[in-house]
Amino acid sequence: MSALGKIADIEAEIARTQKNKATMSHLCGLKARLAQLKREVVESATSKGGPKGEGFDVQKTGDASIGFIGFPSVGKSTLLNKLTSTHSEVAAYEFTTLTCVPGVVSYRGAKLQMLDLPGIIEGAKDGKGRGKQVIAVARTCDCILLVLDVVKPLQHKLIIERELDGFGIRLNKKPPNIDMQKKERGGINITSTVKLTKMTNEEITIVLKEYKHTNCTI
């Protein structure tokens, strides 16, 4: 079974499993495994030498990289052409851009790399279209710019955010302040400076063991 198939099976099992103390360990294990599989999918999409990554292996240059994310034919290529000297194909049909097209903008002494990415569609996180490659490149960007069509419903923005969130790209949110130090023995030790509201110590321990971390300080 492919990684995407395994992801679908795990998501279905999570959806049908009742959430209570008795199933907490099982659900935490499923979510940890789900995160591992999604990471494998992203890594395989950009692996060097593989046909799936062709046209998407763009070297980062400049001080920061900005990825243009949006549905097909919303103006990503036009925006890149206006901002940079790069030419990205523009046409009156969808999926004009099939690979990652880079360009550079100089602003107040800083060089900003702009990346025109192919349009994504609903279901990109499940492998539809070139979603895996687009999201894999987006994960390497310092900033993501959502490009929307003003005449289309705002729901499009929510769909794109959901697709990105499916692979761990959480826009406008700071990553949790978590530090892990491995050790040779002593088991798992968890300390916190604030009250934990999202996970319990037991749930954290379950996730750590799923990733084979049995001796560490969190």
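A cavity here is a set of points on a 1 Å grid over the protein atoms alone where a 1.4 Å probe fits but cannot get out. The volume is the space filled by probe spheres set on the points, with grid points joined across faces, edges and corners. My search of the whole structure returned one cavity of 30 Å³ or more. I listed its lining, meaning residues with an atom within 4 Å of a point: Phe71, Val74, Val147, Leu148, Asp149, Lys152, Pro153, His156 and Ile160. By class, I noted six nonpolar, one polar and two charged residues in this lining. The classes put Ala, Val, Leu, Ile, Met, Phe, Trp, Tyr, Cys and Pro under nonpolar, Asp, Glu, Lys and Arg under charged, and the others, Gly among them, under polar.

**Model.** The model is predicted, and local features need pLDDT of at least 70, side-chain atom pairs count only at pLDDT 80 or more, while totals for chains, interfaces and linings use all residues. Residues are numbered from 1 along each chain as its sequence is written, and side-chain values use heavy atoms, with hydrogens and water left out.

**Pocket.** I then took the largest pocket, whose volume is about 2200 Å³. A pocket is an open set of points with protein on both sides within 12 Å along at least five of seven lines. I found 46 lining residues, with Arg170, Pro176, Ile178, Met199 and Val207 nearest the centre of the pocket. Two or more lining residues come from each of α2 (24-45) and α6 (201-210). Helices are DSSP runs of H or I with at least four residues, strands are runs of E with at least two, and both are numbered from the N terminus. The largest share of this lining, 10 residues, belongs to α2. I recorded its classes as 21 nonpolar, nine polar and 16 charged.

**Helix α6.** I checked burial in α6 and found Glu203, Ile204, Ile206 and Leu208 buried. Buried means under 20% relative accessible area, exposed over 50%, and partly exposed in between (1.4 Å probe, protein chains only). After α6 comes Lys212, with a positive phi near 70°.

**Sheet.** I traced an open sheet of four strands in the order β2-β3-β1-β4, with mixed pairing. Strands β2 (101-107) and β4 (143-146) are at the edges with a single partner strand each, so one side of each has no neighbour in the sheet. Two strands pair if DSSP finds at least two bridges between them. Neighbouring strands are turned by 25° against each other on average, direction ignored; the axes are lines fitted to C-alpha atoms, and angles run from 0 to 180 degrees between N-to-C directions.

**Strand β1.** I found five of the six residues of β1 buried. Strand β1 (residues 64-69) pairs with β3 (residues 110-116) in the parallel sense over five bridges. In β3, Asp116 is the bridge partner of Phe68, and Gln113 stands opposite Ser65. Strands β1 and β4 also run parallel, joined by four bridges.

**Cys143.** I asked which residue of β4 stands opposite Ile66. It is Cys143. Cys143 is partly exposed, at a relative accessible area of 40%. Leaving out residues up to four places away in sequence, I found Cys143 touching Ser65, Ile66 and Gly67, with contact taken as heavy atoms within 4.5 Å. Cys143 and Gly67 lie 76 residues apart in sequence and 6.5 Å apart in space, C-alpha to C-alpha.
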